[in-house]
Amino acid sequence: GAGAPVLSVQNLEAWYGESHILHGIDFNVNAGEVVTLLGRNGAGKTTTLKSVMGIIGKRTGSIRFGDQEIIRASSDKIARMGVAFCPEERGIFASLDVRENLLLPPVVRPGGLSLDQIFNLFPNLKERLNSQGTKLSGGEQQMLAIARILRTGARFLMLDEPTEGLAPVIIQQIGHTIARLKKEGFTILLVEQNFRFAATVADRYYIVEHGKVIDGFANSDLQANMDKLHTYLGV
Ligand code: ATP
């Protein structure tokens, strides 16, 4: 069952310079849930994740994490509270090998996964330990990007389009990984374009359109919302 709200976002507005991108985003994520933000390209999903991580210069409204208001907190402080962001472009350092990439982010809290626990989740990475970032497939890079944040001790994970550009068999593996992380008590906020994938892991959905959350429903109500969803996503 759903726990207490871990993240509660209210009337979030955000700007890139003069560009006003988010116009009042409202949603929440409960402990242990997988919540997915859906919406068309440019709707503001990535900007929402970046705002929670504190890496958007100007943001207003309220973002509560646990019992703290973080709308004005630095990204550094937010990271130390146990929030991690896995960007769409994955951010693997090409000139570092897998081990070096894994060891790069600082451990911010106790409870991070050991390398052995990471290899248990991602056996491929163990085999590729000494391979350079550039030599990895897209799927391996994505797994490395997720593995890397698990080491830090973060318990709230934001994953931006982890399946983008990957083959179906790899997408399935990422789905299994997310399901396993959920089982181990992580809370996950996901951005996805691949709705069929999202449906295999999400507890709830929010629809983002023009910088606002315009709808939301539970996975158990998915069938009843299918027609609306097709309209929102234009598929
Ligand atoms: P996508 O899947 O295309 O990333 P999204 O819903 O995640 O879609 P965002 O990336 O949040 O959308 O982008 C929202 C809007 O902000 C878009 O109009 C985009 O062009 C604009 N935008 C994104 N990044 C920047 C930036 N660094 N500077 C200025 N505008 C930006």
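Me: Which helix gives the most to the shell around the ligand?
Reply: Helix H1, residues 45-53, contributes the most, with three residues. Helices here are DSSP runs of H or I with at least four residues, strands are E runs of at least two, and both are numbered from the N terminus.

Me: Before I get carried away, what kind of model is this?
Reply: A predicted one, where local features need pLDDT of at least 70 and side-chain atom pairs count only at pLDDT 80 or more, while totals for chains, interfaces and linings use all residues. Numbering starts from 1 along each chain as its sequence is written, and side-chain values use heavy atoms, with hydrogens and water left out.

Me: Thanks! How many residues surround the ligand, and which are the closest?
Reply: There are 13, and the closest are Gly42, Gly44, Lys45, Thr46 and Thr47. A residue is near a molecule or strand if one of its heavy atoms lies within 4 Å of it.

Me: And how does that shell divide by residue type?
Reply: Three are nonpolar, six polar and four charged. In this scheme Ala, Val, Leu, Ile, Met, Phe, Trp, Tyr, Cys and Pro count as nonpolar, Asp, Glu, Lys and Arg as charged, and the others, Gly among them, as polar.

Me: Fine for a glycine. Which other residues have a positive phi?
Reply: Asn11 is one of them, with phi near 50°, and Arg90 has about 75°. Most residues other than glycine have a negative phi.

Me: Where do those two sit, and are they buried or exposed?
Reply: Asn11 lies in strand S1 (residues 5-16) and counts as partly exposed at 43% relative accessibility. Arg90 is in the loop between strand S6 (83-86) and helix H3 (98-103); with a relative accessible area of 11%, Arg90 is buried.

Me: New topic, then: what sheet does S1 belong to?
Reply: An open one of four strands, ordered S2-S1-S4-S5 with antiparallel pairing. Strand S2 (19-30) and strand S5 (68-69) are the edges, each pairing on one side only. Two strands pair if DSSP finds at least two bridges between them.

Me: How many bridges join S1 to its partners?
Reply: Nine to S2, and seven to strand S4 (residues 58-65). As examples, Leu7 is bridged to Val29 in S2, while in S4 the partner of Val9 is Ile63 and that of Gln10 is Ser62.

Me: What sits between S1 and S2?
Reply: Two residues, making a hairpin; Gly17 in the turn has a positive phi of about 55°.

Me: Last one, what does the Arg204 side chain contact?
Reply: It makes a polar contact with the Glu33 side chain at 2.7 Å, and the Arg204 side chain also reaches the backbone oxygen of Asn28 at 2.8 Å. A polar contact is a pair of N or O atoms within 3.5 Å; within protein, one must be able to donate a hydrogen and the other to accept it, and residues adjacent in sequence count only if both atoms are side-chain atoms. Arg204 is in strand S9 (residues 204-209) and counts as buried at 15% relative accessibility.

Note on methods:
Buried means under 20% relative accessible area, exposed over 50%, partly exposed in between (1.4 Å probe, protein chains only).
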